[in-house]
Amino acid sequence: MSGRQQQPQHQSMMGEFTARSSLKRQNLGRVLKLTWKVAAPYWVQSEERFMSWFLLALNLAITGLGTFFGLRFTIWNADWTNALVNRDILSWQLNIWVFLVLGITMTIVGVLGGYLTSWIQLRWRRWMTARYLRLWLDNKAHYKMTLTGQDTDNPDQRITEDIFLFIFNTWTLIFDFVRVGIMQLFTFGVVLWGFSDVPIVVGGAHLEFPGYLVVMSLVWAAITTFIAHLNGKRLARITFDQQRFDGNFRYSLARVRENSEQIALLKGEAVEHTRLMHIFGDSIVNTFRNMGVTLRFGTVNMMLSYVDAMMFTLVLGPAWLWLGGIQDYGTFQLIATAFLNVVTSFKWFQTQYVSLASYVAVANRLYAFNENHERMLAISDASKLVREFTGDNEIKIENLAVSLPNEKLQVTADHIEIKSGDRVLIKGRTGAGKTTLFRAMSGIWPFAEGKIQLPKDKRIMVLPQRPYFPIGTLEEAISYPQPAGTYPIEEVRQAILDVGLTHFADRLGEIHHWNMVMSGGEQQRIGIARALLFKPDFVFFDEATASMDEPSELDIYNMLLERMKGATIISIGHRSSLQQFHKRLLFAEGAVPGQPVAPYKFEEQDIEMAAQYFAEEEAEKEKNKPQ
C-alpha cells in the first residue's frame, strides 16, 4: 500500500452511510441540539456577542412594532369597509389620514428591520466563516480530517454556501416564528378570543363555548400539519443528498480543470465525460426523487390551503347570515382576518416545512463538520507519538511505529539520529512508508507511537514532490508559505535565476494558475527557490526533484550544497545518482526477508555498498528491458 494512498474507500463510504443514517433519525430534539451546536459559539462566546444581542433586541422590538401596526391595519380595514358600506363620509375621510400614517410608519419599520437583519447576518457570517476557516486550517486539520474515516465532503461548500444558508435560514425561520408563531398569534388570538362568543348551532340549539374560534383554529392546524408531515418527512434527507451530489459534481469539474493538461495529453475526454455524467446522474436521480415527494407534498398542501380559505366562511357564515351574532360586515371581515392569521400561526411548521427540510440538511452538514473536527482532535490527542523540541541541534527517532488509518502497521524505526549538517538519503520500495515517515516527523500523522526529538528554534522545511501554488502572482508563488513582500524582490528574482528559470525572472508580477503554466520540473524548481529564500536549517526533500531530468537534478543538488552549506538535508529518492550528494543511507526493508509487504523497517546501510548494489540492480533491469 502506498504511503501516498488516501483513506480507504470503505471508510469514506462508512462515513457517508453514518451521516445519512443520522439524518434519517432526525427529531426535534436532535435538530435543536445540532442547531445550538453550530450557532451558539457566535452568540455565547464571540467578542461580537454583546453588540449582536443589542441589535437582536432592537430587531425584535421593530418586529413587535410591525406586528402591532399589522393588527392596526386590519382594524383600519374593518373601519374603512364599514365607512364604505354605510356611506359614512366623515369616517371615510378620517380613515384616509389613518391609512397614510400607518403606511408611512409600516414602511419605515419594514426598511429599518430589513437593514438591521442584513447587518446582523453579515456580522455573523464574517465571524462564522473566520471560525470555520480556523477549524479547517489550524493544527493541520484540513489534512488530518481526511484521515478520520468520517465523511467531510466538499469543505469548501460547507464554508461558503452552507454557512450563508445556515445563517440566512436560521434568522429567517426564527424571526418568522417569532413574528407569526408568537406575536401574530398573541395579537390576533386576543382579537379572535374576544369575538368567540358567537353562538354555535348544534341540532337547532345555540351553544356557548368560550374561545371556540381559537380552539377550532388550533385543532384544524394540528390536523393539517400532521397530514403535511406524513407526506413531506422524506424531504430533509433528499435535500441533504441533493446538496452532497451537487457538491461532488462541482468538485469533479474543478478536478478536471486543474488536471486539464494531463487529460488532454492522455486523450481522456471521453472517459471524463462518462465519469462526470455518472456523477451528475446521482444528482438527476435524486432530483426526480425530490420532484416526486414535492409533487405529493405540494398537492396535499394546496388542497389544504383551499380548505383554509373556506374555513372561516364555514365557521362564521351561519352567525352572519341568520343568527345575527355579527352586526356589520367590517366586523365579519375583522374576525375572518383574525381567524386566518391565528390558523396561519398555528400552521407555521406546515407552511415552513420545505424550508425546514432544507435547513435541517444544511445544519446537519455543518454539524458533521464540527463532529469530524472533534473526532480529529480526539485521534490526535490519543496518539502515542511524542514529539519533543530540545536544545540539541539534531533529530532523534526512538522506537517509532507508524500505522495506516486502518491500524495496519506500515513502518518502524528503532533508533535514528540525524545530526546538524548531515546529508541523509532515504530509499525503499514504493509503499514502504518513506513519505509517511516524513508526515510523522512533521506532526501531521497521528497514527503512530514512539518518540521524535526535533531541534528547538530551528527552521524546518518539507518540500513535497508536487508543490502547491496559490492563485496569484509568481512572486506570491515563490514566497509561499510567506506572504508576498517578505523577501526583497531582487532576492526573489535571484532565486529564480539560481534554479534555472531565467525565462520567468521578469514575470514576477503576473497572475496565473502557475501549476497549469509550468511543467512538473519547473514547478519543482519553484519549490527549490522557496527553500533558497526560506534558508531552512533542516530541509526534507520528498522526491522534490523527481520530475527533473537527471543532469538538471545534479545541477540543483550541486547548487544547494553550495548555497546551503550548513543545512541538514534529508532526501527521499530512487535514483542512484543522488547517493553522491549524501553521506548516509536509510533503507526500508521488509520485516520478512524476500516478502515486499508491510511493515517495513528503516535501518542505516553503508552508502558505498548500497551504491554498488543499486547500480547492479539498475543494470539488470536495463538488460532485461524489452527492446
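Tutor: Start with accessibility: a residue is buried under 20% relative accessible area, exposed over 50% and partly exposed in between, with a 1.4 Å probe and protein chains only. This is a predicted model, in which local features need pLDDT of at least 70 and side-chain atom pairs count only at pLDDT 80 or more, while totals for chains, interfaces and linings use all residues. Residues are numbered from 1 along each chain as its sequence is written, and side-chain values use heavy atoms, with hydrogens and water left out.

Student: Why is S260 called partly exposed?

Tutor: The relative accessibility of S260 is 33%, so S260 counts as partly exposed. S260 lies in helix α9, residues 260-265. The C-alpha atoms of S260 and M516 are separated by 8.3 Å, although the two residues are 256 residues apart along the chain.

Student: What makes a stretch a helix or a strand?

Tutor: Both are DSSP runs numbered from the N terminus: helices are H or I with at least four residues, strands E with at least two. On that basis the chain has 20 helices and 14 strands. Of its 627 residues, 46% count as buried.

Student: What makes E407 and D457 stand out in phi, and how do you know whether each is buried or exposed?

Tutor: E407 has a positive phi, near 75°, in a residue other than glycine. E407 sits in the loop between β4 (394-403) and β5 (409-419), and its relative accessibility of 70% makes E407 exposed. D457, also not a glycine, has a positive phi of about 60°. D457 is in the loop between β7 (448-455) and β8, and a relative accessible area of 70% likewise puts D457 in the exposed class.

Student: Why is helix α14 described as mostly covered?

Tutor: Of the nine residues of α14 (434-442), eight are buried. They are K434, T435, T436, L437, F438, R439, A440 and M441. G443 follows α14 and has a positive phi, near 85°.

Student: What makes a group of residues a nonpolar core?

Tutor: The members are buried Ala, Val, Leu, Ile, Met, Phe, Trp, Tyr and Cys residues joined through side-chain atoms within 4.5 Å. The largest such core has 40 residues, and L474, I478, I528 and F541 touch the most other members. At least two residues of this core come from each of β8 (460-463), α15 (474-479), α16 (489-498), α18 (520-534), β11 (538-542) and α19 (550-563). α18 supplies the largest share, seven residues.

Student: What does I478 touch?

Tutor: A contact means heavy atoms within 4.5 Å. Leaving out residues up to four places away in sequence, I478 touches V492, I496, L508, I526, A529, R530 and L533. A second, separate core of 35 residues includes V38, W171, Y367 and M376.

Student: How do you know how α4 and α6 are oriented to each other?

Tutor: Axes are lines fitted to C-alpha atoms, for helices over the stretch in contact, and angles run from 0 to 180 degrees between N-to-C directions. Helix α4 (89-137) and helix α6 (155-194) pack at about 150°, with their axes 10 Å apart. An angle under 35 degrees is roughly parallel, over 145 roughly antiparallel, 65 to 115 roughly perpendicular, and the rest oblique. α4 is therefore roughly antiparallel to α6.

Student: Which residues make that contact, and of what classes are they?

Tutor: From α4 they include I120, W124, M128 and W136, and from α6 they include I159, I163, F166 and W171. The contact of α4 with α6 divides into 14 nonpolar, five polar and one charged residues. Here Ala, Val, Leu, Ile, Met, Phe, Trp, Tyr, Cys and Pro are nonpolar, Asp, Glu, Lys and Arg charged, and the others, Gly among them, polar.

Student: Why is α3 called oblique to α6?

Tutor: Helix α3 (49-85) and α6 pack at about 40°, with axes 10 Å apart. That angle makes α3 oblique to α6. Among the residues that meet are L56, L60, G64 and L71 in α3 and W171, F175, V178 and F188 in α6. By class, the contact of α3 with α6 has nine nonpolar, eight polar and one charged residues.

Student: What is the peptide bond from Y480 to P481, and how do you know?

Tutor: Its omega is near 15°, and the bond is cis. P481 lies in the loop between α15 and α16.
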